[in-house]
Amino acid sequence: MELTTNKIPPPLPCLACRFVTSSASATYTRTIRYLKREHIQYVAKEVYQIPDSMSCKKALDMVAQCSPDFLLNHSLRSYAFGLAMSHKVKTVIDQEVYFLGAIMHDIGLTPAYDVGGTFELDGAQAARSFCIGHNISTEKADLVHEMIAHHNSVGIAHKKDPEIALLHFAAGLDIAGLWLSDIHPKTLSEVINEYPRLDFKQGMKSMLNDQVGRKPHSYMRPFVELGFLKKIEKTPF
């Protein structure tokens, strides 16, 4: 797998077009589901239990040590939401790889792993090194890298490996309420009860503002310019 080593911020018109296209696709999916009288299935807590492997436990410990509680819980919700929305991808995912990518996907926002690049790539490189250091195969470590590198790549991530697509869907759901119709309301409620949001909205907005303020090359710069922080504030949970 070729690793992503550069993320150039998309031009505002291009990013806006990607959001419009994504929204239209979601509307189409909801309409087809309604016409076919299909329903999103409830997903019980047992499905999104943390994998019982040493690498997953070590990754969770590492993220807990370097992240504020609101960011840790966001990562845990992203793991759970992704498994709850696995109907959105066509192939079975590697649950251990998915957990590793989900739990570490925002470590580039933390002082411990912010090395001056755009936070997605700072985090992706650190997570890949963590995986290699904990005897995860290079192939799986590369996939974790790409999950993190592309978790906010609107218009791109959904076309990649299922683990990459699911993290994109899950993080987007938690941060901005995107794809809300693709998860059962009871599952949504139970995940939030399991991993409370705390002061997530304010904390995440502050972190993104800090990234964009310090890094003109930040991939999130056009998102903020397009009003993404207001989208975060309006998330209905």
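Predicted model: local features only at pLDDT ≥ 70, side-chain atom pairs only at ≥ 80, totals over all residues.

Visitor: Okay. At what angle do H5 and H6 cross?
Guide: Roughly 160°. Their axes come within 8 Å. Angles over 145 degrees count as roughly antiparallel, so H5 is roughly antiparallel to H6.

Visitor: Is that crossing left-handed or right-handed?
Guide: The crossing of H5 and H6 is right-handed.

Visitor: Which residues in H5 meet H6?
Guide: In H5 they are Glu120, Leu121, Gly123, Ala124, Gln125, Ala127, Arg128, Cys131 and Ile132. Across from them, H6 brings Thr138, Ala141, Asp142, Val144, His145, Ile148 and Ala149. By class, the H5 and H6 contact has nine nonpolar, four polar and three charged residues.

Visitor: And what sits in the loop between H5 and H6?
Guide: Asn135 has its place there, between H5 (119-133) and H6 (138-149). Asn135 has a positive phi of about 65°, although it is not a glycine.

Visitor: Is Asn135 buried or exposed?
Guide: Exposed. Its relative accessible area is 74%, and the cut-off for exposed is over 50%.

Visitor: Back to H5. What about Ala126?
Guide: Ala126 is found in helix H5. Its relative accessibility is 19%, and it counts as buried. The cut-off for buried is under 20%.

Visitor: What does Ala126 touch?
Guide: Ile107 and Tyr113, leaving aside residues up to four places away in sequence. Pro111 is 15 residues from Ala126 along the chain, and their C-alpha atoms are separated by 12 Å.

Visitor: New topic. How do H3 and H8 pack?
Guide: H3 covers residues 69-84 and H8 covers residues 185-194. Their axes come within 10 Å and cross at roughly 160°. That makes H3 roughly antiparallel to H8. H3 passes H8 in a right-handed crossing.

Visitor: Which residues meet there?
Guide: Arg77, Ala80, Phe81 and Ala84 come from H3. They meet Thr187, Leu188, Val191 and Ile192 in H8. The residues of this contact divide into six nonpolar, one polar and one charged.

Visitor: What lies in the loop between H8 and H9?
Guide: Leu198 is in that loop, and H9 spans 200-214. Leu198 has a positive phi of about 55°, although it is not a glycine. Leu198 is exposed, with a relative accessible area of 54%.

Visitor: How about H2 and H4?
Guide: H2 is residues 54-66 and H4 is residues 95-103. They pack at an angle of about 10°, with their axes 10 Å apart. H2 and H4 are therefore roughly parallel to each other.

Visitor: Who meets whom in that pair?
Guide: Ser55, Cys56, Ala59, Leu60 and Val63 in H2 meet Glu96, Phe99, Leu100 and Ile103 in H4. The classes here are seven nonpolar, one polar and one charged.

Visitor: Last one. How many residues does H7 have?
Guide: H7 has 15, running over residues 162-176. From its first C-alpha to its last it reaches 21 Å, close to the 21 Å expected at 1.5 Å a residue.

Visitor: And how many of those residues are buried?
Guide: 15 of the 15, so H7 is largely enclosed by the rest of the structure.

Visitor: What follows H7?
Guide: Gly177 does, and its phi is positive, near 70°.

Definitions and conventions
Residues numbered from 1 in each chain as written. Heavy atoms only, no water. Axes fitted to C-alpha atoms, helices over the stretch in contact; angles between N-to-C directions. Helix = DSSP H or I, 4+ residues; strand = E, 2+ residues; numbered from the N terminus. Parallel < 35°, antiparallel > 145°, perpendicular 65-115°, else oblique. Left-handed = near helix turned anticlockwise from the far one by under 90°. Contact = heavy atoms within 4.5 Å. Nonpolar A, V, L, I, M, F, W, Y, C, P; charged D, E, K, R; others polar. Expected span 1.5 Å × (residues − 1). Buried < 20%, exposed > 50% of the residue type's maximum accessible area, 1.4 Å probe, protein only.
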